[in-house]
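Please keep the sequence and the structure in view while reading.

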Amino acid sequence: MPYTNEQIAALVRADSVHKSVYTDSALFQLEMERIYGCAWIYVGHESQVPNAGDFCATRIGDQDVILVRATDGKVHVLYNRCPHRGAKLVADGCGHAGKFFRCPYHAWTFQLDGSHLAAPLRAAFEGSCFDPQHPDFSVRPVARVESHRGFVFASQAAQGIGLKSFLGGVISSIDNLCDRSPVGEVEVAGGMFRVLQTSNWKVFYENLHDTMHAPVTHESSVVAAREQAQKMGAMPLELHIMVGNGEPYRFWENLELCAYAHGHGYMEGIFDPGAASRDPVTRAHFAVLEQAYGHARASEILGMNRHNTIIYGSGSPHTVFQQFRVIRPLAVDRTMIEIQLFRLKGAPEAVFKRTLMYANIINAPSSNVMADDVELYARCQQGNLSRGGDWTSLHRHLGTDRAVPGGMVSSNGTSELPMRNQFQAWKQYMLGHIVEENCDAA
C-alpha cells in the first residue's frame with residue numbers, strides 16, 4: 001500500500017518500532033528509493049580493479065552497478081545496463097573487459113567510463129534521433145563517486161554532502177584499518193564469503209551492536225569452545241574468539257557504544273588490548289608499525305579498540321581483523337552478506353593468516369557462530385509475520401545516553417542506543433528530511 005509521511009512517521013517511536021518496517025514489501029521499495037537512492041553506499045575497494053579494464057559487478061540497493069577502472073586510471077561506477085535494449089553489460093562477479101565494454105546482445109561498445117564508442121551498421125540509424133554524443137546512448141554513470149583510502153562509495157543523488165561529512169565519526173575506523181599497514185594501504189585478498197539470510201536487512205545492523213544477544217544466541221558455540229579448551233589444556237586464539245561471546249552481562253555493560261548521524265556508530269572492542277604484548281603475531285606487527293610510524297603512533301594505531309563499526313546502508317568494517325561485512329538488501333525478507341577480507345600491505349603474513357582464521361571461525365557460512373545469528377534473524381522475520389503483537393521494543397536504557405560532539409554515547413553497554421539511532425536515521429531518510437537537506441535525488 002502507498003504510505004503517507006504521517007504513516008511512516010508513526011512507525012517509529014522513541015522506544016519501539018512497528019513490525020511492518022521488517023515485513024512490508026512496499027516499505028522495502030521506498031527504502032530502495034529514499035535510503036539507497038540518496039545515501040553514500042560502499043561499492044567496493046580500488047584493489048579489486050587494479051588495472052584498466054578490470055571490473056566488478058555489484059549492487060547499490062536494488063540497482064546493478066559496475067565498479068570499473070578506466071584507461072585514465074580513475075575508478076568509475078556505472079549502471080549495469082546497455083542503453084540499446086537494456087541488457088546487463090557484464091555478468092555477476094569480477095572480470096576484465098579489455099579496452100572497452102561490448103554488449104553481448106547486439107555488440108554495442110562503450111569506453112570504460114561508459115561513453116558510447118560504436119554500434120554495428122551505423123547507417124541504419126540515419127534519419128533517427130540517434131546521437132552517439134547524447135548521454136541516452138551511453139552507459140549511465142552513478143551520479144556521484146568518491147573514494148576514501150581506497151574504499152569506493154557512490155551516491156545515486158546528484159547533489160548532497162560529501163562522503164567525509166556523511167561518514168562523520170566512523171571515518172576513523174576506515175583510517176585505522178588502513179593505518180594498521182606500515183605503508184597505509186590495504187587490498188582485498190583471500191576471496192569472499194557470501195551468506196544469504198532470510199531476513200530483513202535492518203536486523204543485521206541492529207544485531208551488530210546488540211550486546212545482550214551474545215551470551216544467549218551463541219551459547220552452544222561458547223560451551224563447545226570451552227570444552228575443547230579444557231581437553232587441550234590451553235585456550236588458543238581460535239577458541240578464545242568464540243569464548244568471547246560468553247562473557248557475563250557485567251562485561252557487556254561496561255562496553256561503550258557510540259552513535260552518530262545517518263545511523264552510523266561503533267562498538268568498543270571485546271578483546272583485551274593488553275593481550276597484544278603477549279601475542280607473537282601482534283608483536284611482529286607492532287615492530288613494523290613502530291619502524292614506519294614511531295613508537296607512540298604505532299601504539300595509538302593498535303590501541304584503537306573497536307569491534308564492529310556500522311556504516312549505515314553499507315555494512316560493517318572490522319579494524320582489528322581487517323574485514324568488511326557488506327550488507328546488500330535483496331528483498332524485504334532476503335539479505336546477502338558479503339565478507340571481504342583485507343591484507344595489510346607491508347605487514348607480516350601472519351597478520352593476514354589471522355584475518356583468514358577469524359573469518360572462517362566467525363563469518364563463514366560454515367561458522368558455528370554465524371549459523372546462530374542467521375537462525376535468529378530468520379526467527380525474527382517469521383515472528384513478525386504473526387499476530388502476536390505489532391511493536392518491537394527498543395526500551396533498554398532509554399533516556400540515559402549522553403551527547404558527545406557529533407553523536408551520542410551509551411551510559412551502559414547493553415543500551416539499545418544503536419537501534420534507536422538507526423531508526424531515527426531511517427525515519428529521516430524515509431520522510432525525505434535527509435533528501436531535503438543533503439540530496440537532490442536524480
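Predicted model: local features only at pLDDT ≥ 70, side-chain atom pairs only at ≥ 80, totals over all residues.

**The four-stranded sheet**

- Strands of a sheet pair through backbone hydrogen bonds, in either a parallel or an antiparallel manner.
- An open sheet is built from four strands in the order E5-E4-E3-E6, with antiparallel pairing.
- Strand E5 (75-79) and strand E6 (93-96) are the edge strands, each of which pairs on one side only.
- On average, neighbouring strands of this sheet are turned by 25° against each other, direction ignored.
- Strand E3 (residues 54-60) and E6 run antiparallel and are joined by four bridges.
- Phe 55 has Gly 95 in E6 as its bridge partner.

**The disulfide**

- A disulfide is a covalent bond between the sulfur atoms of two cysteines.
- One disulfide is found in a search of the whole structure.
- The bond joins Cys 56 to Cys 94, with an S to S distance of 2.1 Å.
- The link of Cys 56 and Cys 94 is right-handed, with 105° about the S-S bond.
- Because Cys 56 lies in strand E3 and Cys 94 in strand E6, the pair ties together parts that are 38 residues apart in sequence.
- Cys 56 is buried, having a relative accessible area of 4%, whereas Cys 94 counts as exposed at 55% relative accessibility.
- Cys 258 counts as buried, at 5% relative accessibility.

- Strand E16 (residues 315-318) pairs with strand E17 (residues 323-331) in the antiparallel sense, over four bridges.
- Pro 317 has Phe 324 in E17 as its bridge partner.
- Four residues lie between the strands of this hairpin, in which Gln 322 takes a positive phi near 50°.

**The second largest pocket**

- Rolling a probe the size of a water molecule over the atoms shows where empty space is left.
- The second largest pocket holds about 450 Å³ of space.
- This pocket is lined by 17 residues, and the closest to its centre are Tyr 22, Val 203, Glu 206, Asp 210 and Cys 380.
- Helix H6 (201-208), helix H14 (368-383) and strand E19 (391-393) are the elements that give two or more residues to the lining.
- H14 gives the most to the lining of this pocket, with four residues.
- By class, the lining has seven nonpolar, six polar and four charged residues.
- Cys 380 counts as partly exposed, at 38% relative accessibility.

Conventions: Residues numbered from 1 in each chain as written. Heavy atoms only, no water. 1 Å grid on protein atoms, 1.4 Å probe; cavity = no way out; pocket = protein on both sides within 12 Å on 5 of 7 lines; lining within 4 Å. Points joined across faces, edges and corners; volume = space filled by probe spheres on them. Nonpolar A, V, L, I, M, F, W, Y, C, P; charged D, E, K, R; others polar. Pairing = 2+ DSSP bridges. Axes fitted to C-alpha atoms, helices over the stretch in contact; angles between N-to-C directions. Disulfide = S-S within 2.5 Å. Buried < 20%, exposed > 50% of the residue type's maximum accessible area, 1.4 Å probe, protein only.
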